[in-house]
Amino acid sequence: MTIGIRAFRPRLEGMTLPRALITPHLMGRTLGAPGDRDRQREAVVAALELIEEAEQPGTFVELPGAYRAGRDARG
Amino acid sequence: MSDDVKQESFDEFKCSFAYGSRTDLNFKFLAGLPDREAAEFFRDLLWKLGDVLDDGQFERLVDHVYEWQVHAYAGEGKWTYANGPFTPLRKPLSESRLVLMSSSGHFVEGDDPEPFGIQNMSQEEAVKNMLKFIRSEPMLSRIPVGTPKENLKVRHGGYDIRGAQADPNVVFPHELLLDLEREGRIGELARDAYSFVGACSQRRLLKRSGPEWVKMFQEKQIDVALLVPV
């Protein structure tokens with residue numbers, strides 16, 4: 001099970017991965033912005049659901065919603 | 001302007017963000033764009049910045065960068081296959097053992113993989129050594145899940161690591177997976193997670209390292225691997 005960003009979807013599809021969750025996020029922030037625990041969890045839960053639901057190779061699902069910067073965990 | 005100052009072309013300017021004088025890995029994609037498109041990126045960025053000055057809706061800047069990253073990285077790349085594997089889940093996830101692996105370049109403080117024998121390599125040095133990295137075998141770091149943030153380091157010459165430094169869970173979601181294990185969503189999270197610098201020899205990853213890691217996961221009786229390429 002792979003989680004990758006939308007920018008890389010064409011490359012991931014070309015690799016014929018078994019299952020992939022595609023996130024509409026920025027490079028280097030695959031699961032969401034720093035500190036945005038809710039969004040990160042949303043992505044991981046969606047990935048776990050895809051593990052259970054995918055029935056054939058090349059099953060790609062896009063995570064709805066958008067990247068939300070500003071909930072910074074920087075100390 | 002002094003006659004001694006070298007005139008910089010727009011092409012040189014846009015390429016300077018990709019391992020050049022103005023390296024910023026968020027914008028390294030500019031080097032691959034035609035001048036016309038790179039100019040459009042800057043023009044629209046500044047126009048939107050002007051709007052942000054009035055309404056504070058800085059999300060439009062985030063959206064702008066996101067849209068251009070999607071545009072710039074479009075294309076299948078060179079690793080394409082006609083067919084791919086698929087193994088159905090053999091038991092419920094709530095009874096499965098899951099392992100986390102990311103190509104984020106994280107490692108535990110005190111367990112630096114010391115690429116090329118260099119001690120305490122900085123992020124800046126990693127960026128400067130990118131060519132060496134992409135010709136080299138990847139080095140896998142073992143990271144106990146739940147390792148406190150202050151004990152986790154990240155270093156990777158291929159992407160902007162500031163987000164991953166601030167919050168490892170943006171690309172290495174070990175804490176989230178621990179939460180989900182506690183909630184019973186996952187049967188068991190493997191106590192060792194793994195990370196490596198994905199900017200490595202892809203051929204060696206495919207032919208040697210990858211198969212070795214799969215064998216390791218099989219020996220550890222891993223049912224599911226969650227992969228986060230960065």
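Me: Is N120(B) buried or exposed?
Reply: The model is a predicted one, and in it N120(B) lies in the loop between strand 2 and helix 4 of chain B. Because N120(B) has 9 C-beta neighbours inside 10 Å, N120(B) is exposed.

Me: Which value does phi of E114(B) take?
Reply: E114(B) is found in the loop between strand 2 (106-108) and helix 4 (123-128) of chain B, and this residue is exposed, with 12 other C-beta atoms within 10 Å. Although E114(B) is a residue other than glycine, its phi is positive, near 50°.

Me: Which element of chain A gives the largest share of the side that touches chain B?
Reply: In the contact between the two chains, 39 residues of chain A meet 42 residues of chain B. Strand 1 (2-5), helix 1 (9-14) and helix 2 (37-53) of chain A each supply at least two residues of the side of chain A that touches chain B. The largest share of that side, seven residues, comes from helix 2 of chain A.

Me: How many residues does domain 2 of chain B bring to the contact with domain 1 of chain B?
Reply: The domain assignment of chain B gives domain 1 (10-72) and domain 2 (93-228), and their centres, taken over C-alpha atoms, are separated by 29 Å. Domain 1 of chain B brings five residues to the contact, and the number from domain 2 of chain B is five.

Note on methods. Residues numbered from 1 in each chain as written. Chains lettered and ligands numbered in written order. Predicted model: local features only at pLDDT ≥ 70, side-chain atom pairs only at ≥ 80, totals over all residues. Contact = placed C-beta atoms within 7 Å. Helix = DSSP H or I, 4+ residues; strand = E, 2+ residues; numbered from the N terminus. Domains from an automatic or database assignment. Buried ≥ 20, exposed ≤ 12 C-beta atoms within 10 Å, placed from the backbone.
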